[in-house]
Amino acid sequence: MLPRLTSLLILVALCTVPLAVRADGSDDLVNQIIPLLSHPDREFRAAALEKVRTAAKGTAATQTFAAQLPKLDPSAQAALITALGDRGDVAARPAVLEQLGSSDEAVRAAALAALGEIGTPADLPQLAKALTSGSDAEKQAARKALIRMGDPAVVKAIAADSKTASPQLRAKLIEVLATRRATGELDAIIAATMDDDGGVRTAAMNALGQIGTPDRLAAMLPGVLKADRGRERDNAERNVAEVCKRISNEDERGEALIAALDTIDAARRDELMPLVGRVGGRRLIKFVADIATGDDASRRAFGVDALGKWPDASPADTLLEIADKTTDASERRHAFLAYVKVCAIRDRRNDQQRLERMKQAMKEARTSEEKLAVLNRTRTAYDVEAMRFVRPYLDQPEFCQMACETIVELAHHRQIRDPNKAEFDAVLDQVIKLSKDEEVVERANRYKRGETWQRGRR
Amino acid sequence: MLDQAFEPLKKYDYGTPISELQGIEDAVVAAHDDAALRQDLEQHLIASLESDISRDAKDYVCRKLAQVGSPAAVPTLSKLVSTENAHLARHALERIPGPEAAAVLTTAAVELTGKLKIGAIASVGARGEASGVATLAGLLKDGDPAVARSAAMSLGLIGGVEAAAALQPALQAGSGDKSLVIDALLECAESLLRSGQTAEAKAIYASLAGDQQPRLVRLAATRGLLACGAQAEA
C-alpha cells in the first residue's frame, strides 16, 4: 500500500480533471442533489430523487428540497413530490399542499398521493373532495392516499365521514375502509347497508363481503332485505354468502345462518331463502326443503327459488319431486327449470354424471320450454356424448336452433372436439346449414378449421 | 489410505467416471478440519502432478489444489502456467494464499505471450492483491490492445487508490477505446467507497463526471458522487 501522502497526491492529480459537480464548498449531498432535480435527462433526475427518498436526512434538508418545487417544470415537480412522499418527512407537507392548487393534473395527483405518506387527518377534506370531483388520476391518487395514511385517527375520521358525506362520497369512503381492512368500523359499514342510497348500500355490502365477520351475520341480513330486488339484492346475497363461507365447517355454517335468520321478522324471513340457497350445505338443504314442500304456496316459491340457487346439484331430486307432485302449472315450471339449472351446475360431479342428469331431465320434461331448457343446459357436460344426445334435436324445427347453439358451445372445447373431429365436422356442417344465427354459423365454421379463439369479422 | 485413493488417478482420463476418484473427494472434505491430513493430501496431489498422468488428471489435481493447496504447491504449479494445463494451474494459483503464488502469476503476466499472457493478467486481477498493480500498470502500455485491455480490467478488479492512479494516465492518453479503462476506474471507485475511502472515491467519480464523457459514464459518475455524499453524511 502506498503511503497516505502518495494517496493524497494521487487524489490531487485526479481532481485536476474538469468536474460536472462542483466540490468548491457546495459539495454536501443536498447541494449535489438540487441541481440534478432539474436536469434535462430523466435518469440523472432519478438518481437525485433516489437520494431525496433515502438520504440527506433531517427536516432542514426536506424543507430545502421542498423549496425547489416552484422552480421546477411540472414533470420534475410531480417526480419530486412523489419522492418527498416516499421520504416520509412531514416537513414537506406544507409545500406539497400548495401543489394541490397546481394547474397541472399530474402535479395535483402526485401531491394527493404524497399525502398518503406525509398527510394528517386535517388533509382528509381535500382528499375527500378529490375523491369525488377530481380527474381520474386525482381520484385514484386520493383513494391511494386515504388507503395509505397511517395515522389511526384517519380511519375513525373516514368512518365518521362515511355517515355524513354525500352519497357518492360515502360509497367511496366505505370502499376505502374495506381496502384498509378496517374491521374496527364494521358497525358503521353495517349501518350503511340500510342507507337510503343504493350506491352506498351496495358499497357497504361489498365491503362486508371483503371484511365482514360471521359473528355479524344477523346484523347484515336487514341490509339484504333493504336491497332492491334484482342486481342489488343478488349482490347483497352474494356478499353475505361470502361472509358465511368464512365458517369452514359446513354444518356450523348452516347453523350460523339459521340462527341469524331467526332474528329476522318471520313475515320477511322467506325473502332470504335465495341467500340460504347461495350458501348451500347439508344442514340448510333440509331447512329449505321443508319450506319448499310445505303447505304454504307463497313460502314454497321462496323455497324453490332458494333450491334453484344452490351451489351444487344436491337439491335436484327435491326439485324434481316438487315439479312432479304439484298440480299448479306455474309452480311446476318454476321447480322444473330450477331442477334443470342445478342438474347442469359444474360442481364436483364429472361430465358423464352431469349428462346422465340432463338425459333424465329430458325424460321428465313435459313442455317445449322445459325441453329447450334441458337442451340449453346440456352444454355444461363437456363430453362427446352430450353432442350425440343433442344432435337428433337438429331434425325437430322447434328445438333446432337451441340444439345448434349447444352443439357449437360443446364444439368450442378442443378436448372433446379434436379427438372426434370427423363427427364434429359433420354435425357442424349441419349447424352451418340449419342455424339462423350468424354468430353460431361463424363459430361453427371456425371450429371446423380448428380455430377456437380467432374471432371472425362481423 | 491416501495411496489407495490416488491409485485410480494414474489411469484417469477424459471419459473416466468421476466416481473413480471418490476417495480423493472424500479426503478433500475430511481435510477441511484436519491439518495433518490436508498436508498429506497436498503432498499426494503435488506428487501426482509431477508424475506421468493424463492432461485431464492434471486438471483434476489442479482443481483439488485450489481447494487444499498451500505455498508448498506453488513451485509445481508454476511449471504448468505455460502448458496445456495453464488454465487450471492458474485457477489453483489464484486461490492459494501467500506472495509465492502471486509472484508466479505476476511473472507469467510479464513473460508469457498471446492468450496465456492475457490469462495470467486476468489471474493477477482475480487475486485482487495490490502487489500486482505495478506490473499491470506497465502492461497498460503494451502494444497489444488485448493485453492493455486485460490489464485495465485486472486493475479494476484489484481496485484501490494505486490501481486508480495507474489507470488515470491511460484515460488521459490520446487515442483508443477508453471504455474498459473507465469501467476499471469506476470499479476502483466502488471498491474505495465500500472500504470507506469516500474522498478518494469521490475524486475518481468527479474525474469521470465531465461533459466530455459519454452520457452513461457521466450518469454512473453522478450516481457515485451522490453515493459518496450519502456515505459522508452517514
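Predicted model: local features only at pLDDT ≥ 70, side-chain atom pairs only at ≥ 80, totals over all residues.
**Entry one: helix α2 of chain A**

I began with α2(A), which spans residues 29–37, and looked up which of its residues are buried: A:Leu29, A:Gln32, A:Ile33, A:Leu36 and A:Leu37. Around the helix axis these residues cover an arc of only 130°, and they therefore sit on the same side of α2(A). I note the background to this pattern: an α-helix has 3.6 residues a turn, so residues three or four places apart point the same way. I then asked what covers the buried residues of α2(A). The cover includes α3 and α5 (74–87) of chain A, and α14 of chain B is part of it as well.

**Entry two: α3 of chain A against α14 of chain B**

The crossing of α3(A) past α14(B) is right-handed. On the α3(A) side I listed A:Glu43, A:Phe44, A:Ala47, A:Ala48 and A:Lys51 as making the contact, and on the α14(B) side B:Leu219, B:Thr222, B:Arg223, B:Leu226 and B:Ala230. Sorted by class, this contact of α3(A) with α14(B) holds six nonpolar, three charged and one polar residue.

I turned to α29(A), residues 438–448, the helix in which A:Lys448 has its place. Is A:Lys448 buried, exposed or partly exposed? I counted 18 other C-beta atoms within 10 Å of A:Lys448; a residue is buried at 20 or more and exposed at 12 or fewer, so A:Lys448 is partly exposed. Setting aside neighbours within four places in sequence, I found A:Lys448 in contact with A:Asp425 and A:Leu428. I also checked A:Lys448 against A:Val30, 418 residues apart along the chain, and their C-alpha atoms are separated by 69 Å.

Within α29(A), the residues A:Arg443, A:Ala444 and A:Tyr447 are buried. Viewed down the axis, the buried residues of α29(A) fall within an arc of 100°, so they line one face of the helix. Among the elements that cover them I noted α26 (397–411), α27 (414–417) and α28 (421–434) of chain A. After α29(A) comes A:Gly450, for which I noted a positive phi, near 80°.

Key: Residues numbered from 1 in each chain as written. Chains lettered and ligands numbered in written order. Left-handed = near helix turned anticlockwise from the far one by under 90°. Helix = DSSP H or I, 4+ residues; strand = E, 2+ residues; numbered from the N terminus. Contact = placed C-beta atoms within 7 Å. Nonpolar A, V, L, I, M, F, W, Y, C, P; charged D, E, K, R; others polar. Arc of directions from axis to C-beta.
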